[in-house]
Amino acid sequence: MQKWFGSSGVCINENGHLLMVLQGKPEEKKTWSIPSGGKEHNESFRECCVREIEEETGYIAEIVEEIKVKRGIYEHLNISFEVHYFLVKTVGGKRNFQDPVLMTFYNVQNLTMLIVLKLTELLSKIEREAVHMLPKSFYKST
């Protein structure tokens, strides 16, 4: 069974806004999510989270605490996954649109109800997106 590891950062700025990025491959429907991505070789989950945030947004992040680890298996693809979620704060950098199509900070107070209703859906979406980030070699049988 192939294994995939990744990290995701929950970043709320000093104004109470949640950092979100609009992502998706050109042929896919774009979806809003928190910055996330696959762990590189010899990289810690924390380093992965900080790197992904900087690559996707331009902001430099600092880990505040780990808030969740989610593990699972996509049996139909013969892939297991492990995603670490971190609460982070921005400590530098500047906004850029290098990786995602668009990014923004959403007002958390306005999103509270949506977050409560969609949290499970969001986590599932991040996990599904993780599969699309896997190298094509993962899909080849050995």
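Me: Buried means under 20% relative accessible area. Why is Cys11 called buried?

Reply: In this predicted model, Cys11 has a relative accessible area of 1%. The cut-off is under 20%, so Cys11 is buried.

Me: What makes Cys48 count as buried?

Reply: Its relative accessibility is 0%. That value is also set against the limit of under 20%, and therefore Cys48 counts as buried.

Me: How many disulfides does the model have, and how do you know?

Reply: The count is zero. A disulfide needs a pair of cysteine sulfur atoms within 2.5 Å. For Cys11, the nearest cysteine sulfur is that of Cys49, 9.1 Å away, so Cys11 is in no disulfide. For Cys48, the nearest cysteine sulfur is again that of Cys49, at 7.2 Å, so Cys48 is in no disulfide.

Me: Why is strand S1 called largely enclosed by the rest of the structure?

Reply: S1 covers residues 2-11. Seven of its 10 residues are buried, so the strand is largely enclosed.

Me: What makes S1 and strand S6 a pair?

Reply: Pairing requires at least two bridges between the strands. S1 and S6 (residues 79-93) have 10 bridges, in the parallel sense, so they pair. One of the contacts in this pairing joins Val10 to its bridge partner Leu87 in S6.

Me: How do you know that S1 also pairs with strand S4, and in which sense?

Reply: S1 and S4 (residues 36-38) share three bridges. The requirement is at least two, so the two strands pair, in the antiparallel sense. Here Gly6 stands opposite Gly38 in S4.

Note on methods:
Residues are numbered from 1 along each chain as its sequence is written. This is a predicted model: local features need pLDDT of at least 70, side-chain atom pairs count only at pLDDT 80 or more; totals for chains, interfaces and linings use all residues. Side-chain values use heavy atoms; hydrogens and water are left out. Buried means under 20% relative accessible area, exposed over 50%, partly exposed in between (1.4 Å probe, protein chains only). Helices (H or I, at least four residues) and strands (E, at least two) are DSSP runs, numbered from the N terminus.
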